[in-house]
Amino acid sequence: MLVSGFRSRTVVRKELEWFPCVPPSSVKMLIDFQWKLGMAVSSDSCRSLKYPYVAVMLKVADHSGQVKNKSFEMTIPQFQNFYRQFKEIAAIIETV
Amino acid sequence: MAGELESCKPLSGLLSGLAQDAFYGHPGITEELLRSQLYPDVPIEEFRPFQAKMRGILKSIASADMDFNQLEAFLTAQTKKQGGITSDQAAVISKFWKSHKTKIRESLMNQSRWDSGLRGLSWRVDGKSQSRHSAEIHTPVAIMELEIGKSGQINPELTSAANPPVFAEEDWP
């Protein structure tokens, strides 16, 4: 996985300073990746929902070191594609 | 005009129209539109309770996410009820549910999803590079663009992570 764990603000800022090619201001650093596997059982529009989903909370830091949380949900097929993409990245990064 | 309402030809069309309105949220599917398109010779006072009955049946089936056994039992019960449906109508409803079940269920799941979804994902891996401060930077980096948003809304997010992965828990001020 590409999660870099917890880092202090100054470390984050330093790493973002030398970020190549893409303007530093537009790229954020991934600080933490939290996930949850949930099951929606019922709702007002559907009594028998039975809908599994993966909820993700990303902690990202911008150029100044300010940290924000971004959350989103994925269906299981979406998550499986998400996971496949990460596997591909990991395989390529090994060769660089 | 009970005969008109019992005719099965327009019933399939009616169920489609009701599904568009109840599950897919398409605007403008009014009672009058359905009547004039599918049952033009039926007065509105007769059409109204009929379409309400069909809508109720469709909603019950979708809400319970009925499998085919449950569906058969439910529709059989509806045919035996006073003011229920005919067995021909039951057959049309059964056929409709079998072909639309997946799509309707997906639509209901979408309605229950309130957090943002992942609309798109693209990525790039950068190799070694230089900067003003360092002659050579050895760490390859993966940059990902995540499109996160609710339906109809996209907020692209550019995120990066370094390799190798580190799970060191340092001080967090």
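Reader: How many residues has α5(B), and how far does α5(B) reach from its first C-alpha to its last?

Author: Some conventions come first: this is a predicted model in which local features need pLDDT of at least 70 and side-chain atom pairs count only at pLDDT 80 or more, while totals for chains, interfaces and linings use all residues. Residues are numbered from 1 along each chain as its sequence is written, chains are lettered from A and ligands numbered from 1 in the order in which they are written, and side-chain values use heavy atoms, with hydrogens and water left out. Helices (DSSP runs of H or I, at least four residues) and strands (runs of E, at least two) are numbered from the N terminus. The expected span of a helix is 1.5 Å times one less than its number of residues. α5(B) has 13 residues and reaches 19 Å, close to the 18 Å expected.

Reader: Which residues of α5(B) are buried?

Author: Buried means under 20% relative accessible area, exposed over 50%, and partly exposed in between, with a 1.4 Å probe and protein chains only. In α5(B), the buried residues are Leu71(B), Phe74(B), Leu75(B) and Gln78(B). Seen down the helix axis, they fall within an arc of 95°, so they line one face of α5(B); the arc is that of the directions from the axis to the C-beta atoms. The face turned away from the buried side carries the exposed residues Asn69(B), Ala73(B) and Lys80(B). Contact means heavy atoms within 4.5 Å, and what covers the buried residues of α5(B) includes α4 and α6 of chain B.

Reader: What caps the N-terminal end of α5(B)?

Author: A polar contact is a pair of N or O atoms within 3.5 Å; within protein, one must be able to donate a hydrogen and the other to accept it, and residues adjacent in sequence count only if both atoms are side-chain atoms. The cap is Asp67(B), with a side-chain oxygen 3.1 Å from the backbone nitrogen of Asn69(B).

Reader: Which residues touch the most other members of the largest nonpolar core?

Author: In soluble globular proteins, nonpolar side chains tend to be buried together. A nonpolar core is a set of buried Ala, Val, Leu, Ile, Met, Phe, Trp, Tyr and Cys residues joined through side-chain atoms within 4.5 Å. The largest one here has 38 residues, of which Leu14(B), Met54(B), Ile61(B), Leu75(B) and Ile104(B) touch the most other members. β2 of chain A and α2, α4, α5 and α6 of chain B each supply at least two residues, and α6(B) gives the most, with 8 residues. Beyond its neighbours within four places in sequence, Leu14(B) has contacts that include Leu34(B), Phe47(B) and Met54(B).

Reader: Where does the pair of Asp65(B) and Lys50(A) lie?

Author: Side chains of opposite charge can pair when their charged atoms come close. A salt bridge is a side-chain nitrogen of Lys or Arg within 4 Å of a carboxyl oxygen of Asp or Glu, and the structure holds 7 of them over all chains. Asp65(B) and Lys50(A) meet in one, at 3.9 Å, N to O. This pair crosses between chains, from the loop between α4 and α5 of chain B to the loop between β1 and β2 of chain A. Asp65(B) is buried, at 11% relative accessible area, whereas Lys50(A) is partly exposed, at 45%.
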